[in-house]
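Visitor: I would like to learn how to read a structure model feature by feature. Could you take me through one?

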Amino acid sequence: MFGYILRRGLGAVLILLVVSAVTFLLFYALPADPARLSCGKTCTPQSLAQIRHSMGLDRPLAVQYWQFLHGVFAGRHFDAVWCAAPCLGYSFVNQQSVSSTLADRFPATLSLAVGASVLILTVGVGFGILAALRRGRALDKQLTAVALVGASMQVYFLGIVARYLLVDQFDLLPQPGYTGITSDPGKWFGGMLLPWITLAVVSAATYVRFTRSAMIEAESQEYVRTARAQGLPPRVVHLRYAWRGALTLVLTQFGLDLGVFLGSAVITETTFNIHGIAQLAVTSVTNLDLPMITGTVLVAATFIVVCNTAVDFCYALIDPRVRL
Amino acid sequence: MVASVYDSYDSNDSSDSYDSYDNSDSYDGKEAAVRPLLAVEDLAVRFDTEGGTVQAVNGLSFSLQRGRTLAVVGESGSGKSATGLAILGLHDRRRARISGRVEFDGVDLAGLGERGLAAYRGSRIAMVFQDALTALSPYHTIERQLTDAYRRRTGAGRRAARTRAVEMLARVGIPDPARRVAEYPHEFSGGMRQRVMIAMALMGEPDLVIADEPTTALDVTVQAQILDLLAGLQAESGLALLLITHDLGVVSGVAHDVLVMYAGRGVEQGPAAEVLAGPEHPYTVGLLRSVPTLKGDPDADLTPIAGSPPDLLDPPPGCAFHPRCDQRQRVGGDRCATEVPAFVPLADSERLRACHLASGALEALEGSVIR
Ligand SMILES: Nc1ncnc2c1ncn2[C@@H]1O[C@H](COP(=O)(O)OP(=O)(O)OP(=O)(O)O)[C@@H](O)[C@H]1O
Ligand code: SF4
Ligand SMILES: [Mg+2]
């Protein structure tokens with residue numbers, strides 16, 4: 001157990017090092033000059049050189065990377081500004097340290113991800129189990145049809161239509177947007193409702209289909225027949241015995257999908273005007289804001305590593321044959 | 001007495017219970033006259049598949065008394081498991097159609113729904129499956145799997161149920177049961193796992209245990225131990241045992257009676273000792289010729305039955321065994337290929353058989369038969 005955590009932790013550090021190095025390299029390979037962009041209209045050669053120096057762009061790439069790493073662990077200076085560890089850099093575009101920008105934006109993305117995941121899993125898995133248990137009957141066919149329609153939807157399309165109808169036309173839901181959960185929980189919930197529902201409709205559909213087939217597969221296992229042969233009522237047979245087998249499959253799928261969800265967060269945040277990490281990543285790329293790009297990429301990578309570790313832990317909890 | 005092929009294995013479980021396997025002497029008289037515990041009549045199991053309807057069991061009848069062991073034997077695909085599952089209605093109801101009567105203690109189980117059957121499953125009739133590794137849930141502890149149904153049925157508390165599970169594990173010879181009850185199936189060896197399955201079957205003190213190839217997945221020494229265990233438990237508690245197997249060695253070791261199945265039908269039935277010593281059906285003869293014995297010359301007379309079991313989607317007309325039968329020329333005309341032989345008693349005996357050949361026409365088998 002302890003060994004596992006240690007291995008996982010070292011692995012994560014290694015992954016993050018590689019990710020940050022690759023981000024640096026990619027950015028360096030780009031033909032654009034970020035100093036030129038933040039210099040503005042009245043740019044003199046002197047001020048350009050000044051900016052380039054304070055951004056650290058006049059030093060070799062290896063040195064820049066080293067300074068970055070040093071900042072992460074020990075903090076560093078940007079001219080007069082002190083950026084405390086873990087310092088992911090200083091955005092000259094935003095005139096703000098990367099860490100504090102990320103800290104500002106992260107809760108919005110986290111709210112979106114956690115809320116949508118909960119909804120996707122409960123709705124998708126719940127209806128998937130229901131469809132499996134009623135397979136071949138009317139309810140199964142209806143659920144499968146709805147799931148098919150849902151899965152063919154796109155977040156931006158559904159989001160825009162739903163927003164127009166449910167919010168603008170009929171006023172059934174509050175305007176989407178992010179409010180801090182601590183400042184106004186009610187407003188936070190209301191603003192997240194439409195994004196959550198939209199994401200759930202699009203992704204839960206896949207989970208309905210996936211859970212349905214995982215459950216049907218599990219139902220055919222011999223130990224499920226043993227449970228029946230013992231005289232256990234159907235509810236226990238399905239939900240305690242068969243479902244445990246299906247759960248591992250669903251969890252595997254969810255682990256794989258986390259990365260995909262992260263990618264689709266870009267579209268979701270843009271569609272619903274939520275200022276989260278994904279939107280920050282998009283603007284940073286447009287502005288060639290290297291420190292900010294590195295920061296968002298590292299946050300995304302950390303998110304994936306942490307989630308995968310959590311999924312592995314869940315595996316070990318569900319299946320006693322899995323050793324950590 | 002029919003000597004067991006397993007005589008040479010020493011088992012510490014219940015070595016003294018061997019005497020009780022003796023086929024006839026302790027169970028005739030009063031018991032035989034009593035209404036059978038289980039009477040299966042004209043049982044049919046059909047599976048609807050894309051290729052058509054599979055006739056897995058086709059008009060099967062047999063009965064079983066308390067305290068007796070009936071072995072059901074036959075090649076793979078002959079409908080043995082389908083029969084065992086049909087008794088408790090365990091087939092997937094979406095795919096299987098079951099007809100006929102399954103009378104257990106006066107009640108027709110085939111007429112009961114899932115809810116009605118639940119009252120019998122695990123409590124009065126218990127199943128032991130072939131491969132305990134797949135038949136036990138890998139996700140739940142032994143305690144959970146042994147006590148779940150028991151607690152529901154008896155209302156016992158967690159601790160009481162656990163105590164009972166530990167008792168049952170001890171009874172089937174699992175060392176250190178109080179500790180092992182908390183473990184998972186994968187932490188047991190194959191033989192121990194099969195004992196756990198048997199302990200599970202004993203939780204509800206059943207009157208009938210249906211064991212579907214309980215030893216097939218195990219190596220020979222462990223097989224003998226498990227059979228000893230089953231026979232010992234039966235002698236102790238007087239339960240009836242329906243033992244499904246394709247191993248004639250198992251039959252000679254533990255069964256009182258034997259039912260030989262071919263293509264979903266019974267072809268020969270009777271006291272195990274008599275059937276094995278003097279088979280009356282060409283298929284039984286074929287089965288006996290194809291098994292090695294400990295006593296006979298190992299290289300002699302080992303001849304598998306020619307051909308392969310019939311396609312149950314399109315079984316042959318007449319006697320299903322006729323394409324493989326070396327005796328059919330001795331039957332007049334083409335009766336074997338046109339007329340289904342009735343499963344009827346042989347004159348002056350408890351034995352039944354389905355063959356057009358005159359009784360006693362089969363020459364005595366030499367050497368290779370299990371004796
Ligand atoms: N669920 C099912 N769907 C379709 N056909 C089935 C199903 N279960 C069994 N069968 C068919 O029914 C026939 C009898 O099967 P059964 O499992 O009873 O054989 P068996 O005598 O137990 O053989 P084995 O020794 O291999 O266990 C076989 O031909 C099998 O293919
Ligand atoms: S009825 Fe004919 S084919 Fe069938 S077993 Fe008897 S002799 Fe052989
Ligand atoms: Mg079978």
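Predicted model: local features only at pLDDT ≥ 70, side-chain atom pairs only at ≥ 80, totals over all residues.

Visitor: Let us start with disulfides. How many does the structure hold over all chains?

Guide: The general idea is to look for pairs of cysteine sulfur atoms within 2.5 Å. Over all chains there is one disulfide. Its partners are Cys83(A) and Cys87(A), with an S to S distance of 2.0 Å. The angle about the S-S bond is 110°, and the link of Cys83(A) and Cys87(A) is right-handed.

Visitor: Are Cys83(A) and Cys87(A) buried or exposed?

Guide: Read the relative accessible area: buried means under 20%, exposed over 50%. Cys83(A) counts as buried because its relative accessibility is 4%. Cys87(A) has a relative accessible area of 1%, so Cys87(A) is buried as well.

Visitor: Next, a residue inside a helix. Where is Thr198(A) placed, and what does Thr198(A) touch?

Guide: Thr198(A) belongs to helix H8 of chain A, which covers residues 185-219. With 2% relative accessibility, Thr198(A) counts as buried. A polar atom of the Thr198(A) side chain lies 2.7 Å from the backbone oxygen of Leu194(A). Leaving out residues up to four places away in sequence, Thr198(A) touches Val155(A), Leu158(A), Gly159(A) and Phe272(A).

Visitor: How do I read a sheet, and what is the strand order in the open sheet of chain B?

Guide: The open sheet has eight strands in the order S6-S7-S8-S3-S9-S10-S12-S11 (chain B), and its pairing is mixed. Its edge strands are S6 (125-128) and S11 (344-345) of chain B, each pairing on one side only. For one pair in detail, take strand S7 (residues 208-212) and strand S8 (residues 240-245) of chain B, which run in the parallel sense over five bridges. Opposite Ile210(B) stands Leu242(B) in S8(B).

Visitor: Now a loop. Where does Glu350(B) lie, and is Glu350(B) buried or exposed?

Guide: For a loop residue, name the elements on either side and then check accessibility. Glu350(B) lies between S11 and strand S12 (352-353) of chain B, in the loop that links them. Its relative accessible area is 58%, so Glu350(B) is exposed. Beyond residues up to four places away in sequence, Glu350(B) touches Gln269(B), Gly270(B) and Pro271(B). Sequence separation and distance in space can also be read together: Glu350(B) and Gln65(B) are 285 residues apart in sequence, and their C-alpha atoms are 14 Å apart.

Visitor: Turning to the ligands, which residues are closest to ligand 1?

Guide: List the surrounding residues, then look for polar contacts. Ligand 1 is surrounded by 15 residues, and the closest are Ser76(B), Gly77(B), Lys80(B), Ser81(B) and Ala82(B). An oxygen atom of ligand 1 lies 2.5 Å from a polar side-chain atom of Ser76(B). A polar backbone atom of Ser78(B) is 3.2 Å from an oxygen atom of ligand 1. On the nitrogen side, a nitrogen atom of ligand 1 is 3.2 Å from an N or O atom in the Arg95(B) side chain.

Visitor: What classes of residue make up the shell around ligand 2?

Guide: Sort the shell by class. Around ligand 2 there are seven nonpolar, three polar and no charged residues. Cysteines in this shell include Cys325(B) and Cys336(B). Cys325(B) counts as buried at 15% relative accessibility, and Cys336(B) does at 10%.

Note on methods. Residues numbered from 1 in each chain as written. Chains lettered and ligands numbered in written order. Heavy atoms only, no water. Near = heavy atom within 4 Å. Nonpolar A, V, L, I, M, F, W, Y, C, P; charged D, E, K, R; others polar. Buried < 20%, exposed > 50% of the residue type's maximum accessible area, 1.4 Å probe, protein only. Helix = DSSP H or I, 4+ residues; strand = E, 2+ residues; numbered from the N terminus. Polar contact = N/O pair within 3.5 Å; in protein donor to acceptor, adjacent residues only side chain to side chain. Contact = heavy atoms within 4.5 Å. Pairing = 2+ DSSP bridges.
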